Structures are given as C-alpha cells and as structure tokens.
Amino acid sequence: MRFALARAALVRHRPRTILATLGVAVAAAMLLDMVMMSTGMRESFRELLLSRGFQIRLAPKGTLPFDTDATIDSVSSVIAALRENPDLTTISPVLGASINVRVGNRAITSASLGVNPRVQGDYELLTGRDPLASNEIAVNEDFQRATRARFGDTIEVSIGYDPQTRSVTQTRKFVVTGRVRFLYGAANQPATAMQLATLQQMSGLARSDDASLFMIRVRDGANVESARAWIERRIPTVGVISIETAMAQVDERLSYFRQLALILGSVSLFVGFLLVTTLMTVSVNERIGEIAVMRAIGVARWHVVQQIVLEGIAISLAGAIAGLGLGLVTAKYLNAILSSFPGLPMAIDFFLFQPRAVWTALGLLAVSGMAAGVYPAWRAASLPVATTLRQEAIA
Amino acid sequence: MTRPIVLGSASSGAESAPSDSGLVTARDLARDYLMGKERVHALRGVNLDIATNDFVAIVGPSGCGKSTLLNLIGAIDRPTTGSVAISGRNVAGLPDREATRFRLLNIGFVFQRFYLMPTLSALENVELPMAEAGIDRAERTSRARELLSYVGLGPRERHRPTELSGGEQQRVAIARALANRPLLLLADEPTGELDAHTGAEIIELFGKLNVDGTTIIVVTHDEELAQSARRRVHMRDGRIVDG
C-alpha cells in the first residue's frame with residue numbers, strides 16, 4: 001500500500017514530477033561524468049600501457065618516455081645487459097625523431113618512430129605490411145591525408161631540418177608499405193614508423209646507437225617489480241618504469257583532474273539533493289492534512305516517513321537512470337573534445353565507462369534521494385495530529 | 001470486549017441496546033492550549049461514561065470543547081490532566097507508537113471534510129487501515145467491498161474521491177472507519193459539509209450502524225443528528241452541563 005501511495009502521490013502532480021526527474025537527470029549525468037572522469041583517465045592509461053603486453057619501459061634517467069629529446073646511449077650494450085636476465089622475454093628499443101616530407105612547395109612535419117617491426121609495441125597495422133626493409137615506411141592516416149601518399153608511393157623524407165638555413169641533415173627515399181595506427185599518437189598528428197637502424201643512421205652520428213625508449217615484456221609468472229629492480233641495479237644510468245611506477249606518476253599528474261571531478265561531482269550530488277528536498281518539502285506541505293489523517297486513523301509515523309522517502313528515492317532513481325543515458329552521451333562528446341588535446345595519446349579516454357562508476361553514481365543518488373525525503377517526512381509525521389487537523393479545518 | 005458486529009454473519013439486524021459495561025470512562029479531563037502567550041482552558045474537569053453499543057451526540061456552542069473531548073477519547077491528543085480509559089485501558093498517557101496502534105485497531109474516525117486519500121480509489125481508501133494492520137490483500141479487499149456495499153457504494157468502489165459526491169465521500173469515510181472493526185466510532189461534524197438530504201442519509205446510516213452494534217460518539221451542531229442519538233451530552237465552556 002505504501003508503494004501504491006508513493007506512486008499515486010508522484011503521478012498526482014505529473015508535470016512537477018517530470019520536471020524534478022529531469023533536474024535530477026542533469027545532476028546525475030554530471031555526477032556520472034565526474035565519477036567516470038575521476039578514474040577513467042587513469043584506468044584508460046593503464047589499459048593503454050598494457051595493451052601490447054609490455055610491462056616495463058626504460059627511459060633516459062629522470063624523464064618519462066618521449067617527455068624530452070634525451071636518449072639512451074648504446075642500444076646494443078643495453079640490450080646485451082638485458083639479455084642476461086631470462087625473465088625479460090622481449091626487448092623493443094624505440095627512437096623518436098621529427099621528419100619532414102616535401103609535398104609540392106610545402107614541407108610536412110611528422111613524428112617518426114624507429115622500431116624493430118617484429119617486436120614493436122607502438123602501433124597496430126591496419127592495412128599493408130610492416131616496414132621490414134631499410135627503405136620502407138609505414139604511415140598513419142593523418143600522414144596520408146597531409147601528404148596524399150598512397151601504398152607503393154615513394155616519398156622523400158628529410159631529417160634535421162633547420163628553418164633558418166632551410167637545410168636538412170639527410171634525405172632519403174622511402175616506399176610506403178602500410179597504414180598503421182599509433183597507440184600513443186596524439187590526435188591529428190602525422191606519424192610514421194621505419195626501421196630503428198634507418199632512423200638512427202638518418203639522425204646522424206650522435207644518435208647512431210641511441211634509443212628514446214625501451215619497451216620490455218616480462219615472462220609470464222615472473223615478478224615484474226623484481227625485474228624492474230634488477231634492471232635498475234644492472235643499468236643504473238637509465239630510468240626504469242614499470243606499470244605500477246608509471247601509474248604512480250600518472251596519479252601524481254592527474255591529481256588536479258581528480259580534485260576537479262570530486263568537487264564538480266559533489267556539487268552535482270548536492271544540487272540533486274536540494275532539488276529532491278525542495279520537491280519533497282513542497283509536496284509534504286501540501287499534504288499536511290492528509291498526513292495528519294493517516295496518523296489519526298492509525299498509520300504509524302515510520303510508515304508515513306517510508307512512503308515519502310520512497311517518493312524521494314523514486315524520483316532520484318528515475319532521474320539517475322535518465323541521467324545515465326544523458327551522462328554517457330555527454331561523456332562521449334566531451335571525450336572527443338578532450339582527446340584532441342595536442343600531445344595527448346588519442347587512445348586515452350577521459351571518461352571511461354565502468355559499471356562501478358554507474359553503480360557508484362546510482363548509489364549516491366539513491367542515498368541522497370532517501371536523505372532528501374527523511375527530514376520533511378519526519379517533520380510532517382511528527383506534527384500533533386489534533387492541532388494539525390484543527391488548523392487544516394480552519395484553513 | 002465484543003467487537004461491533006457490522007457485517008458478516010453476526011449482523012443480525014436485531015437492535016442492540018447499550019450494555020452496562022463502560023466502554024469509555026473519562027475522569028477529570030482537562031486540556032489547556034497556549035494561544036500565543038495566553039492559556040486557554042478548552043476542557044475543565046470533564047467526567048463522562050459511555051457504554052458499549054451506545055450512540056452519543058455531544059452538542060454545544062462552537063468553542064465549548066466538543067472536538068477537544070472527542071480528540072482525547074480518540075487518543076489523537078493528550079489531556080493536560082485527567083484520564084481517558086477505553087475498554088479499561090488508559091489511553092491518555094500512551095506513547096505515540098502505542099497510541100497509534102491503539103487507534104488503528106480500536107477507534108474509527110469520521111471527519112467533517114471526509115479526508116479521503118485523493119489518489120486512492122474508494123476501495124483502496126477503505127483498505128488503507130487494514131493494510132496498515134497487516135491484513136493480507138485478499139482478505140482486506142473482500143472486507144472493503146463488503147463495507148462499501150454496506151454503506152451503499154458497492155458499484156462505486158473504483159471511483160476516486162473527486163469522482164464522488166460529498167455524501168458518497170462521507171460514506172467511504174465511514175466504511176474506512178469501520179475497516180478494522182473498531183470498538184468505537186468517533187465522528188466530528190459528519191454532516192457539516194452535506195446538504196440536508198444527504199445529511200439525513202448519513203444520519204440514517206449512523207442509526208443502522210448503531211443498531212448493528214457499533215458504539216458511536218458524534219460531535220455535532222446538527223439538531224437532526226443529535227436527535228437521532230440515544231443520548232445527548234451538552235457542553236458549555238469546557239464542561240459537561242447536561243447528559
């Protein structure tokens with residue numbers, strides 16, 4: 001009967017209930033987005049790092065991968081040292097550089113990665129094949145769009161472009177063999193991949209045996225942190241980053257995002273709470289007489305409160321469910337905007353959909369809906385019955 | 001204490017006379033209110049005994065304390081001093097939870113303005129006290145139908161209060177008051193909002209209820225209703241002056 005009464009009370013003022021539900025839906029959408037954002041970027045980054053199974057990265061000491069132009073010297077001796085540990089199954093050195101491609105009168109600048117295509121973890125091949133020869137290059141869609149290069153085309157690639165003298169260090173011809181998607185590539189950034197040795201040679205003597213980064217896979221069952229510690233001891237001149245240490249650094253850098261999400265999420269929740277409280281207070285004040293009569297005919301105070309709290313929860317949950325859809329749509333839209341930030345890997349989702357985020361948002365809203373109904377309901381149900389009935393009769 | 005018959009096989013139709021057993025016993029009842037800073041003495045030492053199966057009309061000018069007395073007997077208000085016993089149980093000092101339960105199971109209320117739940121049908125309104133008492137759905141629906149038939153509203157059970165006339169609403173309110181087979185039916189100006197014809201029908205219904213074994217106390221200005229009662233209690237300035 002309490003469910004029937006709660007439902008009837010909500011249906012009785014249908015437009016008001018719908019408007020309140022929509023208001024809660026907006027607050028719920030924002031709350032959901034903030035909950036998704038507070039953990040989304042971190043989890044998305046973690047998934048990205050693990051996407052090709054590389055658990056450890058080596059970067060120049062004191063830097064993060066590709067954070068600076070610094071490189072690790074003597075790739076061959078680093079690889080030789082790493083081979084001493086049987087737990088390290090795959091070692092993939094990567095050199096990053098900036099290249100130029102002439103298209104008519106324009107010079108298109110592109111990022112380029114020198115990799116060992118057989119063990120690389122930086123891109124996935126979409127069509128064509130890997131650059132297995134020294135004169136082959138794989139390109140991404142943005143590069144193709146900017147240069148109009150197609151498979152089989154030969155392109156002229158320069159490195160070491162000096163804008164003042166308009167001269168380059170070295171120029172070579174490459175055949176485009178494949179279209180790839182770079183896992184860590186930023187939005188709208190032309191990028192290419194070629195053989196590591198080729199890029200090292202083109203970068204000049206100073207970088208002829210350098211790498212910007214090593215990506216390392218650890219044997220299944222081996223302890224990643226032990227492997228990381230071993231590398232730190234064995235090669236003290238490099239920075240060794242496991243997924244866990246990378247996540248700790250990400251956490252530090254994303255703390256502002258999380259604080260922002262926490263504040264905006266709390267504001268959304270509070271707005272939703274105030275909305276439902278206002279509605280329930282108005283609704284209860286309209287029904288003071290009815291409530292007094294219910295109390296007079298023997299309905300327990302707690303049951304009156306339950307009925308009104310049920311109304312608050314119903315509005316909050318209906319709003320939360322509507323807000324779930326709205327939140328997912330806005331998260332997708334906002335994600336598209338934020339993912340196009342320059343320098344950020346496009347594969348990172350700022351708003352990662354996780355069932356836990358939904359349950360958290362729904363739970364918070366249900367609790368706030370319950371809390372919103374308790375005070376007005378308890379106040380109304382505690383009014384002296386006889387006095388209230390007399391005042392209602394006079395009114 | 002025997003329950004009022006109203007409906008079922010016990011409803012013989014033979015007139016029940018008031019028994020010697022006291023159902024309501026009020027002693028030295030006083031009730032003061034604060035109106036701003038002024039203390040108003042609504043009741044001043046009322047003593048009253050009402051027997052089972054009686055039909056009592058409390059009459060008197062406005063503000064003489066009739067409704068206050070009814071509220072105290074119905075345990076929806078507490079006396080400043082004195083006691084009210086219903087069927088031997090002093091209800092004046094019951095804690096809220098017990099007083100609520102007592103009202104649910106022992107007292108039926110009928111108000112001047114009917115006060116039905118506007119969102120519920122006639123049938124659901126009658127079911128409400130039974131649902132609160134924990135009676136299962138089938139049983140309470142059956143009894144609610146029986147009660148609505150009794151008050152002449154069988155075909156209108158699905159109608160909401162807004163779809164019923166004043167007289168019909170008051171009949172639903174009476175059926176609701178009888179839902180849990182109360183010891184006592186209390187009515188505060190039950191014909192106050194009704195025209196003469198409809199009021200007469202309600203008076204007739206009260207007579208029938210009393211004949212069928214319901215103890216009734218009405219507060220009224222309606223001379224016709226007062227005349228239909230077995231006993232009239234006159235009040236003035238918070239005191240019983242006659243009856």
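**View 1. Helix 10 and helix 11 of chain A pack together at an angle of about 150°.** Their axes lie 7 Å apart in this predicted model. Helix 10 covers residues 301-339 of chain A, and helix 11 covers residues 355-381. Angles over 145 degrees count as roughly antiparallel, so helix 10 of chain A is roughly antiparallel to helix 11 of chain A. The crossing of these two helices is right-handed. Sorted by class, the residues in the contact of helix 10 with helix 11 are 21 nonpolar, 5 polar and 2 charged. Two numbers describe such a pair: the angle between the axes and the distance between the axes.

**View 2. Chain B meets chain A.** Chain B brings 23 residues to the contact, and chain A brings 20 residues. Which helix of chain B gives the most to the side that touches chain A? Helix 2 does, with 6 residues. Helix 3 (122-132) of chain B also supplies at least two residues of that side. By class, the side of chain B that touches chain A has 10 nonpolar, 4 polar and 9 charged residues.

**View 3. G93(B) sits in a loop of chain B.** The loop runs between strand 5 (89-90) and helix 2 (96-106) of chain B. Is G93(B) buried or exposed? G93(B) counts as exposed, because it has 11 C-beta neighbours inside 10 Å, and the cut-off for exposed is 12 or fewer. Now look from G93(B) to G82(B), 11 residues apart along the chain. The C-alpha atoms of G93(B) and G82(B) are separated by 9.8 Å.

How values were computed. Residues are numbered from 1 along each chain as its sequence is written. Chains are lettered from A and ligands numbered from 1 in the order in which they are written. This is a predicted model: local features need pLDDT of at least 70, side-chain atom pairs count only at pLDDT 80 or more; totals for chains, interfaces and linings use all residues. Helices (H or I, at least four residues) and strands (E, at least two) are DSSP runs, numbered from the N terminus. A residue is buried if 20 or more other C-beta atoms lie within 10 Å of its own, exposed if 12 or fewer, and partly exposed in between; C-beta atoms are placed from the backbone. Axes are lines fitted to C-alpha atoms, for helices over the stretch in contact, and angles run from 0 to 180 degrees between N-to-C directions. Angles under 35 degrees count as roughly parallel, over 145 as roughly antiparallel, 65 to 115 as roughly perpendicular and the rest as oblique. A crossing is left-handed if the near helix is turned anticlockwise from the far one by less than a right angle, and right-handed if clockwise. Ala, Val, Leu, Ile, Met, Phe, Trp, Tyr, Cys and Pro count as nonpolar, Asp, Glu, Lys and Arg as charged, and the others, Gly among them, as polar. Two residues are in contact if their C-beta atoms, placed from the backbone, lie within 7 Å.
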